[in-house]
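Here's a quick briefing to read alongside the picture.

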Amino acid sequence: MSGEGRSFLGRSVSRRTFLSGAAVAAAGLAVSSCGPSAALVGGGARSIDYWNLFGGGDGVRMVQMENQFRRSHPGITLNAVTLSWGNPYYTKLSMAIAGGSPPDVAVMHLAKMGAYAPAGLLQELRPEELSRYGIGPDKFLPQVLDFAKYDGRIYAVPLDTHPFVQYYNVDICRKAGVLDSGGNLVPMDSPGRVVKVLEKVKKVTGQWGVSFYPNDSAGPWRLFLTLYGQMKKGAPILSHDAKRVVMDDAKAERALEFMTELALKYRVMPINMDYGGSVALFQNGQAGLYWNGEWEVTTFQAAKMNFNMVPFPKVYTYRAAQADHHSFIIPKGVDPAHKKTALEFISFMLKDSYVWAQGGHIPAYQPVVQSEKYRHLEPQSNYAGVAKYVVTDPIAWFSGSGSIMESHASGIFQAVMAGRMSPRQGVRQFRAYLQQEVSLPKPY
């Protein structure tokens with residue numbers, strides 16, 4: 001599988017990589033970097049250690065961008081390391097920072113801000129210093145830059161927005177009569193219209209209307225938060241300080257009811273399907289539509305499918321789609337010389353992010369989004385406007401991409417979709433879990 005879904009250990013390891021400190025060894029973890037950053041290495045050349053969690057197609061593109069940086073900056077030694085996606089990555093990253101051996105720059109999902117900024121693990125990035133490298137606040141959508149802030153201060157530089165979107169097989173949908181004269185999907189702007197389209201598509205495929213992955217640690221959560229956000233503006237689930245559960249139970253229940261109806265009542269969506277199976281289902285024509293993050297675009301392009309991609313339909317009151325944002329952070333403990341080099345690296349990567357956009361992610365750096373080249377990148381540019389109205393995981397130390405919260409929520413919601421508990425029971429169980437989490441002392 002490619003992209004955001006799953007990443008694996010890879011790429012060369014530098015001399016400063018995977019040496020364990022005493023504090024980290026006590027936790028049974030190995031981390032990169034053997035000590036405080038040195039501004040210069042032999043001969044006066046600059047050096048930078050960079051951690052990320054990208055595998056699959058994203059990993060290939062990241063390596064391409066890294067190599068382009070190396071070619072254009074021969075005086076800088078870039079040591080890039082890829083760690084396993086999700087909790088393994090974030091555990092190693094937080095332990096490395098806390099242990100005083102951080103990389104100089106690292107990737108972080110912005111939904112993790114609530115776990116990192118309040119704990120003092122990140123360096124503040126002042127607008128004026130970002131502007132010196134051509135990546136000041138004016139180069140980003142305010143809606144995206146807001147996710148990079150904590151208490152009004154910037155602690156990360158957004159690389160992209162990666163939203164939940166809708167794919168569709170053009171040939172199947174044309175046969176089903178759900179395309180207009182321009183080849184676009186007919187409106188799916190209510191639960192009833194969504195069901196009507198999926199039922200027509202199912203008659204053509206003979207199996208399913210839409211492919212999805214309920215048996216996954218994030219799939220049900222992504223669909224739930226999208227639908228909930230379309231009913232509750234901003235999708236508030238926790239208070240701003242993450243001390244109270246403020247979820248609208250009635251709207252949460254309504255979202256779960258619709259998800260369950262698609263699977264059990266109308267049978268237009270599979271209930272026993274993992275991530276890899278959902279990709280294959282759409283690719284093999286056993287479903288005419290697919291709900292997932294945009295990162296599988298290159299999978300279907302490689303298969304030479306006749307498909308398109310559009311924003312997830314506005315089923316309820318508001319436009320909303322679950323998303324997160326990859327970003328670059330400079331950890332606490334990185335010295336001023338390495339911080340300057342890290343900002344130079346970050347600046348290059350953002351300005352080179354057309355390469356990144358080819359993998360489906362919406363670039364955060366607006367000069368790339370506004371370029372003629374990106375506007376002609378299809379189907380990737382079709383959903384660029386989604387960046388203005390995404391909803392993300394609640395900002396809390398236990399939340400964010402790859403978190404136990406996402407996995408726990410998805411487990412509850414999958415059980416609801418399978419008919420093992422009612423939507424009301426599912427909401428009550430999820431609320432009880434959240435209440436337990438917010439009542440615990442913060443780990444910092």
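What follows goes from the overall shape to salt bridges and then to one glutamine.

Keep in mind that this is a predicted model, where local features need pLDDT of at least 70, side-chain atom pairs count only at pLDDT 80 or more, and totals for chains, interfaces and linings use all residues. Residues are numbered from 1 along each chain as its sequence is written, and side-chain values use heavy atoms, with hydrogens and water left out.

**The whole chain**

- The protein chain has 18 helices and 14 strands; these are DSSP runs numbered from the N terminus, with helices being H or I of at least four residues and strands being E of at least two.
- The chain's radius of gyration is 22 Å, close to the 22 Å that the globule rule gives for 444 residues, so the chain is as compact as a globular protein of that length. (The radius is taken over C-alpha atoms, and the rule is 2.2 Å times the number of residues to the power 0.38.)
- If you follow the C-alpha trace along its principal axes, the protein chain spans about 70 × 50 × 35 Å.
- Of the 444 residues, 59% are buried. Buried means under 20% relative accessible area, exposed means over 50%, and partly exposed is in between, using a 1.4 Å probe and protein chains only.
- Among contacts between residues at least 6 apart in sequence, 75% join residues at least 24 apart; a contact means heavy atoms within 4.5 Å.

**Surface and charge**

**Salt bridges**

- You'll find 14 salt bridges in the structure, each being a side-chain nitrogen of Lys or Arg within 4 Å of a carboxyl oxygen of Asp or Glu.
- One of them pairs E344 with R46, at 2.9 Å from N to O. E344 sits in helix 13 (residues 336-351) and R46 in strand 1 (residues 46-52), so this pair ties together parts that are 298 residues apart in sequence. E344 is partly exposed at 22% relative accessible area, and R46 is partly exposed at 29%.
- Another joins D58 and R61, at 3.9 Å from N to O. These two are three residues apart in helix 2 (residues 56-72), which puts about one helical turn between them. D58 is buried, with a relative accessible area of 0%, and R61 counts as buried at 11%.
- R174 and D171 pair up too, with their closest N and O atoms 3.7 Å apart. They are three residues apart in helix 7 (residues 170-175), separated by about one helical turn. R174 is exposed at 51% relative accessibility, whereas D171 is partly exposed at 36%.
- Salt bridges with shared partners also link K232, D248 and K251 into one network.

**A look at Q366**

- Q366 belongs to helix 15 (residues 366-369), and it counts as buried at 13% relative accessibility.
- Which residues does Q366 contact, leaving aside its neighbours within four places in sequence? They are K139, F140 and L141.
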